[in-house]
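Here are a few exercises to work through with the model open in your viewer. Try each task before you read its solution.

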Amino acid sequence: MVTIADIAKMAGVAKSTVSRYLNGGSVSDETIRKIEKVVQETGYSPNKFAQSLKAKKTNIIGTIVPRLDSYATSQTLIGIDEQLRDLEYQLIISNTSQSLEREIENIYILAQQKVAGIILLATMVTKKHIKALHEINVPILLVGQENEEFHSLIHNDYQAAHSLGEYVLSQRHTRIAYLGVAKEDIAVGVKRREGFMSAVADKVDAEVKYFETSFKSEDAIHKTLEIIEQYKPSIIVCATDNIALGALKAAYMSGLQVPEDLSITGFGGYEVTDLIHPSITTAKFFYKEAGNIAAKNMVKMVNKEEIDKVTFSKYEIIKRESVDKKFD
């Protein structure tokens, strides 16, 4: 690998001169020609990442994610990366493996690395998060969660859940199970449940029971088996597509046909929900596009441009095979 020292030696100039040339400093025309000749002959390409770390103002955006084995996370990261490249910024990813302690630690670590800004795909925003984010003095953008003290880009969980609830009622389901997650996750655990509740609140002939599981499909399987045995709903509305996949497996384990015996819906719009049979009705979020928007907003914040305190991403109710219409 050719280094700056190699370029300097071959061009017959000082290393500092090559460095000044690469960083747009003042260099004579004759020296520029010498350096450019060597650069072309060797195919040398400067390490922009290293250059950025040495600079007073970097072009690196740190992104903290709770897990990498998630469709939503991977699609969001693709959107962030593509947009940052277009804006000539670098992306550095920090994975926390769903550890809140590592999430807080990584906030400080990225700040020490002089990142220009931090995009945080938080599972929740605790007092420790707020303390850390205030202490680092780096532009912060929350994605997926909302807090009044910081800028955020969120999926419209409440309205999407309300729309899904209206669709479920339009299919004349009156014995409904809602399978959600813990309330510590405000977006998925609270907003989606509240949005669904608002849609079915005035439906006097509908019985709705609310249950809770984790984000893991395996846990959703066991919980769904209990719900089927104890409650016998006509439909299970799941707070995520992963939970819906678990519910689908549990239905078949119970000898039920979907959607003839049990309808199932999810949230997210993961690709797999369209590939399996029956395909799953879901509230689709546009994660890649949300990543694009997050990157644009982050760069605007770095450049001290004004953006809205809260930005909502799009959603769409995708109606597929997993929901059946009930008739009297």
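Helices (H or I, at least four residues) and strands (E, at least two) are DSSP runs, numbered from the N terminus. This is a predicted model, where local features need pLDDT of at least 70, side-chain atom pairs count only at pLDDT 80 or more, and totals for chains, interfaces and linings use all residues. Residues are numbered from 1 along each chain as its sequence is written, and side-chain values use heavy atoms, with hydrogens and water left out.

**Exercise 1. Find the buried residues of helix H1 (residues 4–11) and work out how they are arranged.**

Step one: apply the burial cut-off. Buried means under 20% relative accessible area, exposed over 50%, and partly exposed in between (1.4 Å probe, protein chains only). In H1 that picks out Ile 7, Ala 8 and Ala 11.

Step two: look down the helix axis. The buried residues of H1 fall within an arc of 100° (taken from the directions from the axis to the C-beta atoms), so they line one face of the helix.

Step three: see what sits over them. The cover includes helix H2 (15–22) and helix H3 (29–42).

Step four: step off the end. Just after H1, Gly 12 has a positive phi of about 70°.

**Exercise 2. Work out what Thr 240 does at the N-terminal end of H11 (residues 241–253).**

Thr 240 sits in the loop between E8 and H11. Its relative accessibility is 4%, so Thr 240 counts as buried.

Step two: list the polar contacts (N or O pairs within 3.5 Å; within protein, one atom must be able to donate a hydrogen and the other to accept it, and residues adjacent in sequence count only if both atoms are side-chain atoms). A side-chain oxygen of Thr 240 lies 3.4 Å from the backbone nitrogen of Asn 242, capping the helix. The Thr 240 side chain also reaches the backbone nitrogen of Ile 243, at 3.1 Å.

Leaving out residues up to four places away in sequence, Thr 240 touches Val 188, Arg 192, Phe 215, Gly 266 and Phe 267.

Step four: follow the helix along. H11 has 13 residues and reaches 18 Å from its first C-alpha to its last, close to the 18 Å expected at 1.5 Å a residue (that is, 1.5 Å times one less than the number of residues). Just after H11, Gly 255 takes a positive phi of about 80°.

**Exercise 3. Which strands pair with E10 (residues 281–285), and in what sense?**

Step one: recall the rule. Two strands pair if DSSP finds at least two bridges between them.

Step two: take the E9 side. Strand E9 (residues 263–268) and E10 are parallel, over four bridges, and Gly 268 has Lys 284 as its bridge partner in E10.

Step three: take the E12 side. E10 and strand E12 (residues 315–318) are antiparallel, again over four bridges, with Ile 318 of E12 as the partner of Thr 282.

Step four: check the cover. Four of the five residues of E10 are buried.

How values were computed. Contact means heavy atoms within 4.5 Å.
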